[in-house]
Structure formats: C-alpha cells, structure tokens
Amino acid sequence: QVLPLFYLCSLRTEYLANMPAKPRALIIGGQFTGTFCARDLKKKFYVTVVDAKEYFEYTPGVLRAYVKPCHLDALTFTLQPVLERSMGVKFIWGEVKSLNGAEKYAEIKPIFASTTDKVGFDYCVICSGCNFGPFKPMGESLWFPTVHEEARKISDWPHIDERFIEGRRRHVLEEFHKLHDLNKRKATCLIVGAGFIGVEWATEIEYFFPDVQLTIIDALPRCLGPLPDSAAEYCSAYMNAVGIKEFYDCKYDAKSDDFWKKIELPNKADVEYICIGVKASNYFMPPETLSDKGPGGGGWIHFNKYMQVTKKDSTVWCDGTVFAVGDCNYGCLGAPPNWEMPPVPKISYPGEEQALHAVNNVKILARGSKKLKPTWWPWGAGMFATSLGPHDACFVLAANHEKGSGYMVNWWIPAALQKEIIESTKINECKNGCIGILIWHFVHHTPVHLFGKGPWFP
C-alpha cells in the first residue's frame, strides 16, 4: 500500500514540476477597479494587489459617513482577509514608491518597514485612483483618505493616520463633532461647487444638522454641471425647499469682499468645503508617462486605446505590459472636436469597464497574441445617482460628454432606494460576496452591447 501511494505522490510532483509557470500580475490599488482585476485574473495569473491603506472604502457613500458615523462600517472592510482568504490572491499593505519599466518591478514600502522591497511582475494594472482636493499640494480632501507618505507630512490632519481603518474612523468622528458644534452655534457654511459631490454634501448636512446655515455656489449657470436640465431643476428645487441658498455664475474668490457680499455672507462663512475638481496622485510613475496638463494641473497617466501606458510621444511604455485604468489615467484620447474617445467621468462604473478592457488585453498578451481589443466610451459612464439626503435622490441615465445630455429616469424615494441597493450590492461584490457578484458580474461582462459606443459583441 505504501509503494502505490509513493508512486502517486511522485507522479503529482513530476506533474507540478512540468506545469508551465503562471505569469505574475501586479495590481496597484485595491479599490473598485483593483478588486475587479484581481477577481478576473486570479485563475491564470499569480496576482499581487498592493494598496497604501489596509481597507476598502466605498467612496460614493463616504459623505453619509461624516454626518452619520456608524455608516462607515457599512462602507468599509479590511482588504487582507478578502483578498487572501476569500479571493486567493496576494495582498501587500504598502505604498508603491516607483515603477521600473525597464526591469519590470515595483519598489514598495510596506506599512511597517523603513526600507523598500522590489516586487517583480510580468504584467501590471494601475488602479490607483485620484484625489479630490485641487487646491491642495497633493490633493488632500475629506472625500479620500490621506495615505501617501509625502502627503501625510503636509496634511491638515497630521495627527490622524488614515492608512489604518481606525485612523479613518477617528477622522470621520472628528468631522462629525465639528459639524455638531457648527449646528449648535447655527454657524454659516459655504460649499464651493454644485456638482453631484457639492449637492450631496449640502443636502446631507442640511438633513442631519438642520441649524447650519448653508450656501452653495458654482461658476456654472446651474447645479449638476453637464447633466440634463430636469435633474438640475429637481435638485435645485429640493435645495430651495430646505433653505439652502444657491448662487450660480459665481466664481469663488475668498479674498474678495465683493464676493462675500454677492453671496450674502458679508462676514464670510464660519467654514468652507471645497467640492470641485480632481487631482492626480500618480507620484510613483516616471515623468515621461505623465501629462503636463489636465485637471488639477496634470500628472495623469498617458494611455492608448488598448489601455496600455504610453510615453508623452504616444509610444508604449514597458513593452506594453503596463495598463492604466479608471481615475488614474488621462481620461480621453485625441483632441476636440475630433475625439478618439471623449473625456470619461472619473467615477467607479467606467473605471471598472476600463478594467475589463485592460484585463482582456492582459490575457491576450499572455497567450502570445498581439491582437489587442480597443477600449471605448462606456455607456454606463453616463449614469449618475445624486442623493438629496437619505430619503430623496435623482438618477440620470445615458448622459455623455455633450452638455445637457441624458435623462432623469428615477427620482424621490425610489431613487434613494435604488442608490442604497447599488451601494450595498456593490460593496458585497468588492468583498467577493456571492450576491454582489451574481448581480454585478454581467453588468460588465455582458455578452451583447445594446447601448453606447462599443461593439455589439465585445
């Protein structure tokens, strides 16, 4: 009985030894697009995910957490158990300090180390996202944790380490108590920017802290920027009904007395929240791959129609084995008015769509083929759900890069419920839960496209 068992073990060892080694895939960023790529690549690649923080955070819902801190628990989970135990990939909690295209390795500083490690790769997908503070040196804002080593040195909240989930929780509680004090004092609050972030933040504060005197401004003629008039009018009517003052065609200039008089705050506001723009955070990338212009002063990763990282002269970088998806890339191809791909909104849905396109091309390259599939402007990039407090919202479908495009197809309590369902099921999918995966898998892996500018059969 021992000899047959020994023989079978020998055969298994020989079989494993002769198996072709799987290629190594490094994914930079463990949020929406990062977990998406890890799930799709894990069967045929040795996948390593690296993130500077230990947790996933559902960014579209973080505004609610600041006014209702217990909601943060529903928006977050620690990455290591999900990625390593449930998904079966490797997770490194650390910051990528540089990416070497010539030798194909990333220099990573683990969270508890004082030196860096080199992690090699055959393919790399950059899913590092962006920041939301255009007026800050490194884009710091409430809407995304401050996790980069250099950013923490100049942070407005250096006493909090948001690389840890407990640090993020403490920051949320600190801001909550600040709002609570403002409410007690019936203080004035100015929100700069009436896009969907500004509108949501104003209405969340109004609902949970009704004694705060709110004013919202925007340089455009109305709220919600390029979205359809019906959605803008619905949100504006809600804000007017709850007493939020609105001023449009109004450029922010905090140093001008005339500005403050124009918005009926001659003594200035007690607190200001900046809710406009984005800023790149691709500090680990070599300069030849980054744009000199773009939102927030440039620094976005150049890419081609196959999602491959390129240099400024449009030649592929790192033999075409590095891809940039979602918020970290330049966001468009070509130039107006003859776009090859118009600017894509920096939101989660199109990021995941681009992640699928990049993952498919990684698999094609790994098979030895060069017939890559081009990306396109995803139809889902035109879906926007804007909360108006916990019990009201509006949902826009089919918007595109043209001003005023799209249709408001859902509103009031049904839209608020729809947004809650999207949030809970999307977090479950990122957590590798079966319910979320069953709901969302075919949203991106659809076999036939009925809408948008992609091919009928992708």
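# Rings, sheets and a buried arginine

Me: Which residues do ring pairs link into a cluster with F32?

Reply: In this predicted model, ring pairs join F32, F56, Y58 and F77 into a cluster.

Me: And how many aromatic pairs does a search of the whole structure find?

Reply: The search returns 16 aromatic pairs. One of them is formed by Y66 and W143, an edge-to-face pair with 6.3 Å centre to centre and 80 degrees between the planes. This pair links distant parts of the chain, since Y66 belongs to helix 3 (residues 62-67) while W143 sits in the loop between strand 8 (123-126) and helix 6 (149-153), 77 residues apart.

Me: Are Y66 and W143 buried or exposed?

Reply: Y66 is buried, and W143 is buried as well.

Me: What about F112 and F164, what kind of aromatic pair do they form?

Reply: F112 and F164 form a tilted pair, with 6.1 Å centre to centre and 55 degrees between the planes. F112 lies in the loop between strand 6 and strand 7, and F164 in the loop between helix 6 and helix 7 (165-185), so the pair ties together parts that are 52 residues apart in sequence. As for solvent, F112 is exposed with a relative accessible area of 68%, whereas F164 is partly exposed at 26%.

Me: Staying with rings, where does the charged end of K346 sit?

Reply: The charged end of K346 sits over the ring of W300, at 4.3 Å from the ring centre. There is also K53, which lies over the face of Y55 at 5.9 Å from the centre of that ring.

Me: Which residues is R168 in contact with, leaving aside its neighbours within four places in sequence?

Reply: With those neighbours left aside, R168 is in contact with Y55, E57, V62, Y66, L72, L142, W143, F144, P145, D161 and E162. That list includes Y66 and W143, which are the two members of the edge-to-face pair mentioned above.

Me: Changing topic: in what order do the seven strands of the open sheet run?

Reply: The order is 7-6-5-2-1-8-13, and the pairing is mixed. Strand 7 (117-120) and strand 13 (322-324) stand at the edges with a single partner strand each, so one side of each has no neighbour in the sheet. From one strand to the next, the twist averages 35 degrees.

Me: In which sense do strand 1 and strand 2 pair, and what packs on the sheet?

Reply: Strand 1 (residues 24-28) and strand 2 (residues 46-51) pair in the parallel sense over five bridges, and I28 stands opposite V50 in strand 2. Helix 5 (residues 79-87) packs on the sheet, touching strand 2 and strand 5, and its direction makes about 100 degrees with that of strand 5.

Me: Now strand 9: how many of its residues are buried?

Reply: Five of the five residues of strand 9 (residues 188-192) are buried. T188, L190 and V192 point one way from the strand, while C189 and I191 point the other way. In general, side chains in a regular strand alternate between the two faces of the sheet.

Me: Which strand does strand 9 pair with in the parallel sense over five bridges?

Reply: Its partner is strand 10 (residues 213-217), where Q213 stands opposite T188.

Me: What span should helix 8 have, and how far apart are its end C-alpha atoms?

Reply: The 13 residues of helix 8 (residues 196-208), at 1.5 Å a residue, should span 18 Å, and its end C-alpha atoms are 18 Å apart, which agrees. The buried residues of helix 8 are G198, V199, E200, W201, A202, T203, E204, I205 and E206.

Me: Last topic, the backbone. Which peptide bond is cis, with omega near 0 degrees?

Reply: The bond from P336 to P337 is cis, and P337 is found in the loop between strand 14 (333-335) and strand 15 (338-341).

Me: And what is phi of K104, or of A398?

Reply: K104 has a phi near 55 degrees, a positive value in a residue other than glycine, and K104 is found in the loop between strand 5 (90-100) and strand 6 (105-110). A398, also not a glycine, has a positive phi of about 70 degrees, and A398 is in the loop between strand 17 (393-397) and strand 18 (407-411). K104 is partly exposed, with a relative accessible area of 22%, and A398 is partly exposed at 38%.

Terms used. Residues are numbered from 1 along each chain as its sequence is written. Side-chain values use heavy atoms; hydrogens and water are left out. Helices (H or I, at least four residues) and strands (E, at least two) are DSSP runs, numbered from the N terminus. Buried means under 20% relative accessible area, exposed over 50%, partly exposed in between (1.4 Å probe, protein chains only). Two strands pair if DSSP finds at least two bridges between them. Axes are lines fitted to C-alpha atoms, for helices over the stretch in contact, and angles run from 0 to 180 degrees between N-to-C directions. Contact means heavy atoms within 4.5 Å. Rings of Phe, Tyr and Trp (its six-membered ring) pair if their centres lie within 6.5 Å; planes under 30 degrees apart count as stacked, over 60 as edge-to-face and the rest as tilted. A charge sits over a ring if NZ of Lys or CZ of Arg is within 6 Å of the ring centre and within 35 degrees of the ring normal. The expected span of a helix is 1.5 Å times one less than its number of residues.
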